[in-house]
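Subject: Structure handover

Hello,

Please find below the structure we spoke about, with the sequence. My notes on it follow.

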Amino acid sequence: MRRVVVSPTKEISSGVWQRMSSTVASKELADDNKDEIIRYLTLNNLSDNPGAIKKKRRVGRGIGSSKGKTCGRGHKGQNSRSGGGVHPTFEGGQTPLFKRIPKRGFKNTVHATPMIPVNLGTLQDFVDMGRLSSDKLITMKDLVEAGFATMSSVKHGMKLLSKGKERLRSPLKLEMSRASASAIQALEAVGGQVTTVHFNKLALRALLKPHKFELMPNRARPPPKFMPYYTSYKHRGYLSLEMQLQKMNLQLSNLEIKEK
């Protein structure tokens, strides 16, 4: 932006400054407004201020550029090579800091079994949308087909959680890998039921992709470290005595209905 600035004072030959008269100042100020050029900031004239970006020196362009031949790197050595130099944590050969500090903790990435969380509030939303039905048993395969999760993301199963339990109204019957205590209590409060079932990789693949098997494999029993979980009625394990009695009573009632 170019702007003509009018000085309010004039220098006379004697070196003494005196103020201009108001008439002359107002006249010159009016002339100044005529010479003012206003530029609006738009995308096509947006740029850095002059001198904000310094032009990089080009190396290897002769001795006249002061950075010719070796380009300021000197003769030979590690730092003169392309991609040479030491890494940022190199300490000259002494034992680095991360090796002098003792180890703490561990990462259980090899044996970890992360499960997909299934919230009660989300299940109620899926029932309201018509993606799930509360009249039949809902398995993990039904959740995948309803769009709750992708089939490839289910690596070790799903766990039922109680988030959104205040919105739960439908008495759902679920079959999950795990379930939290608060989720079990909230689901049974509205007349629902959940059964925790162990799925190894083969059983999980047979559940989600039954078309891959000509003969369905038998479901494996839980390993010893998971056996206390699935034999406990507190976790609604399918191997607990109470859950097996409920299953037998349901089968007997179904047989009586068919005979009638």
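Of the 260 residues of the protein chain, 27% count as buried. Please keep in mind throughout that this is a predicted model. The chain holds eight helices and eight strands. Taking contacts between residues at least 6 apart in sequence, 46% of them join residues at least 24 apart.

Sheets

Strands S3, S5 and S7 form an open sheet in the order S3-S5-S7, and the pairing is parallel. The edges are S3 (116-119) and S7 (178-179); each has a single partner strand, so one side of each has no neighbour in the sheet. S5 covers residues 158-161 and pairs with S7 in the parallel sense over two bridges. In that pairing, Leu160 is the residue that stands opposite Ala179 of S7.

A further open sheet of three strands has the order S4-S6-S8, again with parallel pairing. Its edge strands are S4 (137-138) and S8, each of which pairs on one side only. Two bridges join S4 and S6 in the parallel sense, and Ile138 stands opposite Leu174 in S6.

Helices

H3 (residues 120-129) lies across S3 and S5, and runs at about 65° to S3. Its buried residues are Leu120, Gly121, Leu123, Gln124, Phe126 and Val127. What accounts for the spacing in a list of this kind? An α-helix has 3.6 residues a turn, so residues three or four places apart point the same way. The cover over the buried residues of H3 includes S3, S5 and S6, together with the helices H4 and H5 (181-189). After H3 comes Gly130, which has a positive phi, near 85°.

In H6 (residues 201-208), the buried residues are Ala203, Leu204, Ala206, Leu207 and Leu208. These buried residues pack against helix H4 (140-145).

Individual residues

Asn119 lies in strand S3. Is Asn119 buried or exposed? Its relative accessibility is 18%, and buried means under 20%, so Asn119 counts as buried. Not counting residues up to four places away in sequence, Asn119 touches Phe148, Leu161 and Lys163.

Ser177 sits in the loop between S6 and S7. With a relative accessible area of 1%, Ser177 is buried. Which residues does Ser177 contact, leaving aside neighbours within four places in sequence? They are Met115, Met140, His156, Gly157, Met158, Thr196, Val197, Phe199, Tyr229 and Tyr230.

Met115 is found in the loop between helix H2 (97-100) and S3. At 23% relative accessibility, Met115 counts as partly exposed, since the buried class is under 20% and the exposed class over 50%. Met115 and Ser177 are 62 residues apart in sequence, with a C-alpha to C-alpha distance of 8.5 Å. Besides Ser177, Met115 is in contact with His156, Gly157, Met158, Lys159 and Arg178, again leaving aside neighbours within four places in sequence.

The largest pocket has about 590 Å³ of space. It is lined by 16 residues, and those closest to its centre are Leu137, Glu175, Thr195, Lys247 and Leu250. The elements that give two or more residues to this lining are S6 (173-176), S8 (193-196) and H8 (241-259). Which element supplies the largest share of the lining of the largest pocket? H8 does, with seven residues. By class, the lining of the largest pocket has six nonpolar, six polar and four charged residues.

The second largest pocket has a volume of about 290 Å³. Of the 17 residues that line it, Thr113, His156, His198, Phe199 and Phe226 lie nearest its centre. The lining of the second largest pocket divides into seven nonpolar, six polar and four charged residues.

Regards

Note on methods. Residues numbered from 1 in each chain as written. Predicted model: local features only at pLDDT ≥ 70, side-chain atom pairs only at ≥ 80, totals over all residues. Heavy atoms only, no water. Pairing = 2+ DSSP bridges. Helix = DSSP H or I, 4+ residues; strand = E, 2+ residues; numbered from the N terminus. Contact = heavy atoms within 4.5 Å. Axes fitted to C-alpha atoms, helices over the stretch in contact; angles between N-to-C directions. Buried < 20%, exposed > 50% of the residue type's maximum accessible area, 1.4 Å probe, protein only. 1 Å grid on protein atoms, 1.4 Å probe; cavity = no way out; pocket = protein on both sides within 12 Å on 5 of 7 lines; lining within 4 Å. Points joined across faces, edges and corners; volume = space filled by probe spheres on them. Nonpolar A, V, L, I, M, F, W, Y, C, P; charged D, E, K, R; others polar.
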